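Work through the exercises below with the sequence and the model open. Each task is followed by a stepwise solution.

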Amino acid sequence: MSAATTQLFLFLVAFSYLSAFGSLYWQWSGLYGDDGVTPAAIFFEQRAARITTPSTLERLRALPTLAWFHANFGLSVAEFMEAQALAGTLLAALACAGVATAPVLLLLQVLYLSLYTVGGTFLSFQWDILLLEVGAIAVLLAPWARPRPTAAATPAVWLVRFCLTKLMLMSGAVKVFADCPTWQQLTALSYHFATQCIPTPLAWHAHQLPPLLLKAGVAATFVIELPATLLLLAPLAGVRRLGASLQIFLQLLIIFTGNYNFFNVLTIGLCVPLLHDDHFGRVPR
């Protein structure tokens, strides 16, 4: 993993954090405020009431969130957690600007885990867990002081590869074992573009494609997410690059037709270490 691919990977992780923290801060009052859909204070107090140990370390181990310290700053739980969302947004913007050092990424990891722990329903999706996983790997890849990373060591690259392989195999397996007739009959895309949460303008055009072409799209998804995923583990670099290119192609199609926040960008970031510098040219400093 060259310095250029490391730099691009860290930028995409930082961008994902920026998207996650920024959107969460923007919606905080409506979701987790005292009059929100699921007030963070109530959720935290219910969970905290089950923990009777006086030890701060034990409490953090049982419920890993900085909300334990809200009273130290004279803030309510909701105010303190909202401040964390804002701090995460500013730190992520700093990382995107080129200061993606290990301490900054570690702070982002701690802040997002803190919010995730009391986030309940709205922070329990696959992409939230993936961000925590990839964020932890990014800390290992980032430099501790220098703003520009060097080439990454092989063990850390294998962690990236394992995370991507696990993600895609699970994405394919859940479709196979869902026992859903739309996947079994290859008709899922006949409904997907019209029923997904936030379709893009291109989703309407995709929905108008011939049924045979939509079925071919479902079949291609199965191929990319299952057998083609194994290419990521191939001993030949060229084969791994082919596997990564197929995954990126699938993620770009999803981005063009639907808005899943940072999920697809983060998945593309996991593919970057498998590519050669020539795939994306010289990464600007």
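Rings of Phe, Tyr and Trp (its six-membered ring) pair if their centres lie within 6.5 Å; planes under 30 degrees apart count as stacked, over 60 as edge-to-face and the rest as tilted. The model is predicted: local features need pLDDT of at least 70 and side-chain atom pairs pLDDT 80 or more, while totals for chains, interfaces and linings use all residues. Numbering starts from 1 along each chain as its sequence is written, and side-chain values use heavy atoms, without hydrogens and water.

**Exercise 1.** State how many aromatic pairs the structure holds, and classify the pair of tyrosine 17 and tyrosine 112.

Solution.
- The structure holds 11 aromatic pairs.
- In the pair of tyrosine 17 and tyrosine 112, the ring centres are 6.4 Å apart and the planes stand at 70°, so the pair is edge-to-face.
- Tyrosine 17 belongs to helix α1 (residues 3–32) and tyrosine 112 to helix α5 (residues 102–117), so the pair ties together parts that are 95 residues apart in sequence. Helices here are DSSP runs (H or I, at least four residues), numbered from the N terminus.
- Both tyrosine 17 and tyrosine 112 are buried, that is, under 20% relative accessible area with a 1.4 Å probe, protein chains only.
- Ring pairs link Tyr17, Phe21 and Tyr112 into a cluster.

**Exercise 2.** Describe how α1 packs on helix α4 (residues 77–96).

Solution.
- The axes come within 8 Å and cross at roughly 155°. Axes are lines fitted to C-alpha atoms over the stretch in contact, and angles run from 0 to 180 degrees between N-to-C directions.
- α1 is therefore roughly antiparallel to α4, the term for angles over 145 degrees.
- The α1 side of the contact includes Phe21 and Trp28, and the α4 side includes Met81, Gln84 and Ala85; contact means heavy atoms within 4.5 Å.
- By class, the contact of α1 with α4 has 17 nonpolar, 5 polar and 1 charged residues. Ala, Val, Leu, Ile, Met, Phe, Trp, Tyr, Cys and Pro count as nonpolar, Asp, Glu, Lys and Arg as charged, and the others, Gly among them, as polar.

**Exercise 3.** Is leucine 115 buried or exposed, and which residues does leucine 115 touch?

Solution.
- Leucine 115 lies in helix α5.
- Its relative accessible area is 0%, so leucine 115 is buried.
- Not counting residues up to four places away in sequence, leucine 115 touches Phe21, Leu24, Trp28, Met81, Gln84, Ala85 and Leu123.
- Between the C-alpha atoms of leucine 115 and threonine 53, 62 residues apart along the chain, the separation is 22 Å.

Methods. Helices (H or I, at least four residues) and strands (E, at least two) are DSSP runs, numbered from the N terminus. Buried means under 20% relative accessible area, exposed over 50%, partly exposed in between (1.4 Å probe, protein chains only). Angles under 35 degrees count as roughly parallel, over 145 as roughly antiparallel, 65 to 115 as roughly perpendicular and the rest as oblique.
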